[in-house]
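This report describes a structure through one of its residues, its nonpolar cores and its ligand site. The sequence and the model come first.

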Amino acid sequence: MSDELESVEDFQLRARSWLAENMPKAGSLPIRKGIDPEEQVWLDARDLQKTLFAGGFAGICFPKEYGGQGLTRPHQAAFNQESADYEMPIVLNVPSLAICSAMLLDMGSEEQKQKYIRGAISGELVLCQFLSEPSGGSDLAGLLTRAQRDGDTYIINGQKCWSTNAFAADFATCLVRTDWDAPKHRGLSMIIVPVHDPATHMQRVQMVNGTREFCEEFFTDLVVPAENLVGVENDGWTVGQRQLFFERQAVGGGSAYTSGMARARGAGHDAITPASLATRMGKNTDSAVRELVGWSHVNDVVNSQIIKRVTIGMTSGEYPAHASSMMRLTGAETNQLRNDVMFEIAGEDAVVANHNDQSVLRESGVAYLMRQAGSLGGGSTEMSRNMISERVLMMPRELAADRDVPFRDVRRGR
Ligand SMILES: Cc1cc2nc3c(=O)[nH]c(=O)nc-3n(C[C@H](O)[C@H](O)[C@H](O)COP(=O)(O)OP(=O)(O)OC[C@H]3O[C@@H](n4cnc5c(N)ncnc54)[C@H](O)[C@@H]3O)c2cc1C
């Protein structure tokens, strides 16, 4: 077979007919009896990913040698367009594919790439992130979970929190401290750990919108093979920075490794927008509502232009990798504004809908409850602003009294 890249037009036509024959239409997946709906999403996603993989449509921008298709962003964009009316394994995008697998592609060993990237693309395994700790997520380099080398293994003790969808994952990229005598950024290591192990106690955390996607994990002498170290021991900050780069890119909407378009699952309708909500509520002729819809739409358009501009700048080398904080920042602000506007349009209907009511009005109320999520996940908005000022605009760095102090001597807590 020729190595020449298939044209986007040919690929799109091929995808169209394959999707029609192989993928279920949006909203047509059967309910699995006796299974928690949050678990069902993951079972369905794994099955859908296996189907995509078998059909040659999984991991479109990942290299072929790790199970991907070796294609380009325009191919991915064409596939997103074609697959919009089908069920897609959206939950596998972040963090499994677009963050953890993307990071491993840059930083992992050949064996790790073959096992974890191929595994994630083929639907055999799911990856998640163990970064944040109760002592603070913004000060990531100040983390306390420790790993001690013992022959061919590491022994891990400590606690992680806010791990999105860890309950449904198989492995996590876990940032730990391996040297307490080095300054905080220089004593860390990134280690791939199994999520479900008798030495790890996991608890799920209910969020304000009722879902339980957040998890926290307590490690007591968790033993992992030393070959699970990503990169070099005590250079985990470099690996973690690369992972955060992909996270900012993914949550900002600029990742090449996400596939499919998010939609209201199983509801049989497109995800609501301010414009569709205004129409559904018969408020689309109200001039005040039209102004709100326009305001949100303009922000959406500007945000998508920022994503394109920053992506081009980072690809060409004009912008440093830290510029991903720009799309992360504007993505969160745009999302927040969209939620605010929908809440405003829905008015009291957004809060009085019955708890079991699946209507768009209730959706806008629940979405409003989660409006802050985007300004914390992937690093807070304040930290993104710090990053842009210090690493993109090269303004003076924030004072850090602990920067060159052995971590053992850094004052912590009270
Ligand atoms: C939807 C979502 C998904 C997440 N998924 C994961 C996940 O999968 N894995 C994972 O490990 N973590 C995850 N997180 C955690 C996330 O990374 C942290 O919430 C984030 O890094 C902030 O850390 P924190 O919550 O501990 O807040 P803190 O670090 O305690 O910060 C509290 C407040 O202080 C501000 N602040 C702190 N330091 C500074 C400073 N130097 N300058 C200015 N302001 C500052 C922050 O901006 C914030 O507003 C997720 C969070 C969310 C909301």
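Strand S5, which covers residues 188-194, contains Ser189. The model is a predicted one, and the values below are computed from it.

**Ser189**

Is Ser189 buried or exposed? With a relative accessible area of 0%, Ser189 falls under the 20% limit, and therefore counts as buried. Its side chain makes a polar contact of 2.6 Å with the side chain of Thr178. Beyond its neighbours within four places in sequence, Ser189 is in contact with Cys174, Leu175, Val176 and Thr178, and also with Leu229, Glu233, Asn234 and Gly236.

**Nonpolar cores**

In soluble globular proteins, nonpolar side chains tend to be buried together. In this model the largest nonpolar core has 79 residues. Phe79, Phe130, Ile156, Ile191 and Val193 are the residues with the most contacts inside that core. Helix H4, residues 93-107, provides the largest share of this core, with 8 residues. Apart from this core lies another, of 12 residues, which includes Leu277, Leu292, Ile345 and Ala350.

What does Ile156 touch, not counting residues up to four places away in sequence? Its partners are Thr145, Arg146, Ala147, Val176, Ile191, Val193, Phe219, Thr220, Asp221, Leu222 and Val224. Two of these, Ile191 and Val193, are listed with Ile156 among the residues with the most contacts inside the core. Val176 is a contact of Ile156 and also a contact of Ser189.

**Ligand site**

There are 20 residues around the ligand, and Gly137, Ser138, Thr164, Ser380 and Glu382 come nearest. By class, this shell has 7 nonpolar, 11 polar and 2 charged residues. Strand S3 (153-164) and helix H12 (381-392) each supply at least two residues of the shell. The largest share, 4 residues, comes from S3.

| Residue | Protein atom | Distance to a ligand oxygen atom |
|---|---|---|
| Leu131 | backbone N or O atom | 2.9 Å |
| Ser380 | side-chain N or O atom | 2.5 Å |
| Glu382 | polar side-chain atom | 2.6 Å |

Taken alone, the ligand exposes 970 Å², and the protein buries 69% of that area. Ser380 and Glu382, both in the table, are also among the residues that come nearest to the ligand.

Conventions: Residues are numbered from 1 along each chain as its sequence is written. This is a predicted model: local features need pLDDT of at least 70, side-chain atom pairs count only at pLDDT 80 or more; totals for chains, interfaces and linings use all residues. Side-chain values use heavy atoms; hydrogens and water are left out. A nonpolar core is a set of buried Ala, Val, Leu, Ile, Met, Phe, Trp, Tyr and Cys residues joined through side-chain atoms within 4.5 Å. Buried means under 20% relative accessible area, exposed over 50%, partly exposed in between (1.4 Å probe, protein chains only). Contact means heavy atoms within 4.5 Å. A residue is near a molecule or strand if one of its heavy atoms lies within 4 Å of it. A polar contact is a pair of N or O atoms within 3.5 Å; within protein, one must be able to donate a hydrogen and the other to accept it, and residues adjacent in sequence count only if both atoms are side-chain atoms. Accessible areas come from the Shrake-Rupley method with a 1.4 Å probe; for residues, only the protein chains shown count as cover. Ala, Val, Leu, Ile, Met, Phe, Trp, Tyr, Cys and Pro count as nonpolar, Asp, Glu, Lys and Arg as charged, and the others, Gly among them, as polar.
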